[in-house]
Amino acid sequence: MYSEKVMDHFNNPRNVGEIEDPSGVGTVGNAKCGDIMRMYLDIDDNGVIQDAKFKTFGCGAAVATSSMATELVKGKTVEEALKVTNKAVMEALDGLPPVKVHCSLLAEEAIHSALWDYAEKHNITIEGLEKPVNDIGEKEEAVEEEY
């Protein structure tokens, strides 16, 4: 059902915790399933993500996608991190069951939410970044139709 990578990131999640005084923090959830994901980013003066941490309340797939998302954004510029999609998270985990695709969307939105917070704190605009949603339920239905 789950790939070895999903199980590894669930059993041994990377980057769990909080960043003290983060450059950006974003919280998103899914009212349908009850998953909540908070992502913290530490971004240097050059716009490079030095560290990423998360706290997630949810199923194993939510923990695994959070863990993988933090791994994918570390060392990337803000613009590169914005391009980390739910598909990229799923591919890095060698796939997710269709009923768990929404977890990867949660990870993508958590990244966007943290980047939005960073942009607001620093009074900057990140090209292509849209105001994130707090509840991914609306976006979830559109994504599920793709699979």
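Author: Helices are DSSP runs of H or I with at least four residues, strands are DSSP runs of E with at least two, and both are numbered from the N terminus. With that rule, Asp21 is placed in the loop between α1 and β1. The model is predicted, so local features need pLDDT of at least 70 and side-chain atom pairs count only at pLDDT 80 or more, while totals for chains, interfaces and linings use all residues. Residues are numbered from 1 along each chain as its sequence is written, and side-chain values use heavy atoms, with hydrogens and water left out.

Reader: How many helices and strands does the protein have, and in what order do the elements run?

Author: There are six helices and three strands. Read from the N terminus, the order is α-β-β-β-α-α-α-α-α.

Reader: What makes the radius of gyration of the protein agree with that of a compact globule?

Author: The radius is taken over C-alpha atoms, and the globule rule is 2.2 Å times the number of residues to the power 0.38. For 147 residues the rule gives a value near 15 Å, and the protein has 14 Å, so the two agree. Along the principal axes, the C-alpha atoms fill a box of roughly 40 × 30 × 25 Å.

Reader: Why is Asp117 called buried?

Author: Buried means under 20% relative accessible area, exposed means over 50%, and partly exposed is in between, with a 1.4 Å probe and protein chains only. Asp117 has 17%, so it counts as buried. Its place is in helix α5, residues 101–121. Across the protein, buried residues make up 49% of the 147 residues.

Reader: How do you know which residues Asp117 touches?

Author: Contact means heavy atoms within 4.5 Å. Leaving out residues up to four places away in sequence, Asp117 touches Ser23, Gly24 and Val25. For the protein as a whole, 63% of the contacts with a separation of 6 or more are between residues 24 or more positions apart.

Reader: What makes the pair formed by the side chain of Asp117 and the backbone nitrogen of Val25 a polar contact?

Author: A polar contact is a pair of N or O atoms within 3.5 Å; within protein, one must be able to donate a hydrogen and the other to accept it, and residues adjacent in sequence count only if both atoms are side-chain atoms. A polar atom of the Asp117 side chain lies 2.8 Å from that nitrogen, and 2.8 Å is within 3.5 Å, so the pair meets the distance cut-off.

Reader: Why does Ser23 count as buried, and what does it touch?

Author: The relative accessibility of Ser23 is 9%, so it is buried. Ser23 is in the loop between α1 (4–11) and β1 (24–29). Among the residues it touches, those up to four places away not counted, are Leu41, Asp42, Asp117 and His122. A polar atom of the Ser23 side chain also lies 2.8 Å from the backbone nitrogen of Ile43.

Reader: What about His102: buried or exposed?

Author: His102 has a relative accessible area of 8%, so it is buried. His102 is found in helix α5, and its side chain reaches the backbone oxygen of Val99 at 3.2 Å.

Reader: Why are Asp21 and Asn123 called exposed?

Author: Asp21 has a relative accessible area of 68%, so it is exposed. Asn123 is at 74%, so it is exposed as well. Asn123 is found in the loop between α5 and α6.

Reader: What is the phi of Asp21, and what is that of Asn123?

Author: Phi of Asp21 is near 55°, a positive value in a residue other than glycine. Asn123, which is not a glycine, has a positive phi of about 55°. Most residues other than glycine have a negative phi.

Reader: Why is Pro97 called buried?

Author: Its relative accessible area is 11%, so it is buried. Pro97 sits in the loop between α4 (86–92) and α5. Not counting residues up to four places away, Pro97 touches Met1 and Tyr2.
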